[in-house]
Amino acid sequence: MASPESAVAENLIEPAVASVPEPVGDSEPETVTEAPRATIVPGLPEHYINRELSWLRFNSRVLEEAHDTRHPLLERVKFLSIYGSNLDEFFMVRAAGLLRQLERGALKAPPDGMTPSEQLAGIRSHLERERRLVYGCWHDDLLPKLTEAGIEIVSYDSLSAKKKRKLRSYFKRDIFPVLTPLAFDPAHPFPHVSNLSLNLAVVIDDGNHGERFARVKVPQVLPRLVRAPGSGRDELGLDSGRGKFVWIEELIAANLDLLFPGFEVAAAYTFRVTRDADLDIEEDEASDLLTAIVEVVGQRHFGSVVRLEVREDMPKRIRTLLSRNMGLARFQVDTLPSPLGLADLSEIAFLDRPELRDRAIRPVRHAALRSDESLFEAIHRRDHLLYHPYDSFSPVVRLLQEAAADPDVIAIKQTLYRVGANSPVVEALMEAREKGKQVSVLVELKARFDEEYNIGWARALEAAGVHVVYGVMGLKTHAKMCLVVRREAGKLHSYVHVATGNYNPVTARVYTDIGLLTDDAEIASDVAKLFNAITGYVREERYSRLLVAPHQMRRELIRRIDREIEGHRLRGDGRLIFKMNSLVDRECIDALYRASQAGVEVLLQVRGICCLRPGVPGLSENISVTSIVGRFLEHSRLYYFRNGGDEELFTGSADLMPRNLNGRVELLCPILDPDLRGAALRDILAPHLADTAKCRRLEPDGSYKRVEPATGSKPFDSQLGLLQGSHGWHLE
């Protein structure tokens with residue numbers, strides 16, 4: 001990470017000087033603050049924003065990026081695809097959970113007091129209002145611009161007879177063999193419709209028996225968009241960045257006569273199903289967690305139906321037929337324009353058209369980590385803070401590769417949550433074991449939607465002789481940490497990497513994450529204790545440096561907030577700055593309300609869900625909440641306490657949510673080096689708090705408004721500023 005003396009960093013901090021702590025000298029006089037105004041005791045439902053509705057507003061901010069003409073065209077398509085993918089996961093997990101509560105009877109209302117039925121009604125109302133913006137963006141804005149750029153998505157009916165003949169040949173050769181029509185009538189049960197699958201409800205006119213129905217699944221192994229022949233290239237597929245494309249479901253519908261020979265196909269209507277995909281694992285009843293996860297992952301496509309999406313051209317009688325057979329209420333059926341499944345727009349977003357994408361970035365080595373010096377020597381000399389993607393992820397991989405090759409390294413301990421495919425991190429761990437190191441890896445099998453990857457890596461690591469554990473009963477291990485034990489001068493010395501993000505080089509290029517490299521003896525001892533607590537039966541609740549969930553993180557964070565309140569009453573200098581993904585935990589929110597009521601300045605940057613309601617007189621008028629949605633997914637966590645000048649700054653894996661603080665193994669680690677702490681304030685918090693291009697401010701009513709630049713000033717994009725500035729990454 002760039003030094004705090006960097007001229008660019010100084011320029012970045014200038015707009016946000018009021019948002020960054022000034023050093024407090026020993027001679028600073030103590031003052032007593034004025035008595036605060038009459039305060040409100042927090043706890044009423046109106047003091048909190050509903051979690052699910054807050055998440056929907058986050059996804060609305062993603063949608064705003066699809067509308068933002070400052071982005072290159074294909075990046076705008078990408079944001080619309082992300083919006084659709086996010087919404088799919090929301091229904092698979094959050095809406096599914098509300099439906100389960102509705103069926104079973106909710107045991108405990110959220111802090112905002114909304115019942116499951118009220119939340120489901122609020123979700124539907126929000127999405128119905130937003131639908132015009134979603135499809136207006138696609139049909140009225142992006143499609144015409146794509147056409148101008150030589151990327152035409154056209155209807156099958158608009159093609160010439162010659163092109164249709166060629167597409168029919170392609171259909172016979174590459175699509176027909178993988179289609180399976182399934183009839184449903186009194187003699188055939190209604191077929192199972194798998195999660196997120198695109199389907200055709202086919203109406204067949206049988207002269208002898210009247211109207212019949214069948215379902216044809218659009219295979220997910222095939223591309224959603226098919227190139228029309230003769231449009232730029234003769235080959236079919238998405239292997240070029242120009243041409244005409246048709247939706248595969250239209251191509252299938254136009255050739256259904258080949259699937260139903262001897263019958264007249266009267267019509268075909270597109271529909272899509274979303275199922276409950278939140279796995280319910282009975283850990284206490286499972287003799288083998290790996291086997292249990294394998295079995296449950298296979299059930300994901302068979303969860304109860306949460307949502308049915310149908311095209312607007314589908315007649316009511318067909319909608320009714322589908323919804324009744326799936327056991328759905330009316331509010332679970334969404335009638336939408338084309339296309340269904342906006343996530344599939346990623347096929348367009350990643351076409352090979354560099355001029356329509358963000359300029360590529362290339363990594364430059366971290367300035368303080370020279371390639372001609374051992375990482376162990378560099379870390380022993382001083383701590384290092386990495387800020388991805390502005391700093392390369394390669395030092396993290398290099399640490400493990402050096403550890404594998406170094407004959408003085410005797411042990412490596414590592415947590416893996418989401419590592420993805422072709423992981424150099426896993427390869428380095430297996431190489432270390434092959435070279436005789438003691439390697440222990442915790443693979444979190446319960447990482448939602450990454451279970452299959454993690455099962456595969458767990459088996460590969462075990463086959464290589466690595467000691468693999470799967471976590472703590474009843475908890476997810478979300479902490480990101482690596483411990484390397486090395487023999488130096490006859491003694492054992494430990495090196496640690498703790499991070500906010502996963503050990504995944506791919507996501508490290510698109511997520512903003514922080515990693516700390518240190519050999520601090522107390523931090524290393526704490527990390528070793530935490531590994532022992534995870535892999536054995538030790539319940540270690542006392543740590544010297546780390547804040548650890550589920551046992552003491554919430555308590556320690558609230559203790560520090562209360563300390564800030566007391567310090568402010570004495571000195572009047574209280575300040576808290578928290579940057580995180582989500583803020584949901586009621587106890588933490590109430591502590592921040594108390595801080596605001598005492599006059600402490602509270603600056604929160606919460607990318608996604610925020611249930612705290614800022615700016616309410618007598619409750620939270622000293623709290624500001626902002627959110628940045630931009631090119632990179634803001635994924636960093638930083639928790640700053642001014643503490644009368646004896647500053648504390650923590651980074652790590654945890655958000656302030658009940659699931660993180662109660663149901664996960666998490667850690668927050670202090671940044672002890674004052675230079676690194678100052679750099680984090682200048683190079684991370686200051687520019688993000690100063691953003692006037694991608695930043696929105698949360699209003700007391702739960703809405704978000706863009707932060708506007710001062711009159712006469714240009715918008716400041718913090719992510720772009722960091723890319724162009726001091727962090728070792730440069731635009732090509």
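**Figure 1. Strands β5 and β6 pair in the antiparallel sense over three bridges in this predicted model.** Strand β6 comprises residues 243–247, and within β6 tryptophan 247 is the bridge partner of leucine 225. Helices (H or I, at least four residues) and strands (E, at least two) are DSSP runs, numbered from the N terminus; two strands are taken to pair if DSSP finds at least two bridges between them. Both strands belong to an open sheet of three strands with the order β1-β6-β5 and mixed pairing. Its edge strands, each pairing on one side only, are β1 (151–153) and β5 (225–227). On average, neighbouring strands of this sheet are turned by 35 degrees against each other, direction ignored. Helix α4 (residues 116–148) lies across β1 and β6 and runs at about 135 degrees to β1. Axes are lines fitted to C-alpha atoms, for helices over the stretch in contact, and angles run from 0 to 180 degrees between N-to-C directions; contact means heavy atoms within 4.5 Å. The model is predicted: local features need pLDDT of at least 70, side-chain atom pairs count only at pLDDT 80 or more, and totals for chains, interfaces and linings use all residues. Residues are numbered from 1 along each chain as its sequence is written, and side-chain values use heavy atoms, with hydrogens and water left out.

**Figure 2. Six strands form an open sheet of mixed pairing, in the order β2-β4-β3-β7-β8-β9.** At the edges are β2 (181–183) and β9 (333–336), each of which pairs on one side only. Strands β7 (residues 264–275) and β8 (residues 305–311) run antiparallel and are joined by five bridges. Arginine 275 stands opposite valine 305 in β8. Helix α8 (residues 316–326) lies across β3 (198–206), β4 (210–218), β7, β8 and β9, at about 165 degrees to β8.

**Figure 3. Helix α16 is largely enclosed by the rest of the structure, because nine of its 12 residues are buried.** Buried denotes under 20% relative accessible area, exposed over 50%, and partly exposed in between (1.4 Å probe, protein chains only). Among the buried residues are Cys588, Ile589, Leu592 and Tyr593. The elements that cover the buried residues include α15 (553–571), β20 (575–580), β21 (601–606), β22 (623–628) and α17 (658–663). At the start of the helix, a side-chain oxygen of aspartate 585 comes to within 3.4 Å of the backbone nitrogen of glutamate 587. Just after α16, glycine 599 adopts a positive phi of about 100 degrees.

**Figure 4. Leucine 557 is located in helix α15.** This leucine is buried, with a relative accessible area of 2%. Apart from neighbours within four places in sequence, leucine 557 is in contact with Leu547, Phe641, Leu656 and Leu668. The C-alpha atoms of leucine 557 and tyrosine 639 are separated by 8.9 Å, although the two residues are 82 residues apart along the chain.

**Figure 5. The whole structure contains zero disulfides.** A disulfide is here a pair of cysteine sulfur atoms within 2.5 Å. The cysteine sulfur closest to that of cysteine 610 belongs to cysteine 611, at 6.9 Å, which is too far for a bond. Cysteine 610 is buried, with a relative accessible area of 0%; cysteine 695 is also buried, at 1%.

Key: A polar contact is a pair of N or O atoms within 3.5 Å; within protein, one must be able to donate a hydrogen and the other to accept it, and residues adjacent in sequence count only if both atoms are side-chain atoms.
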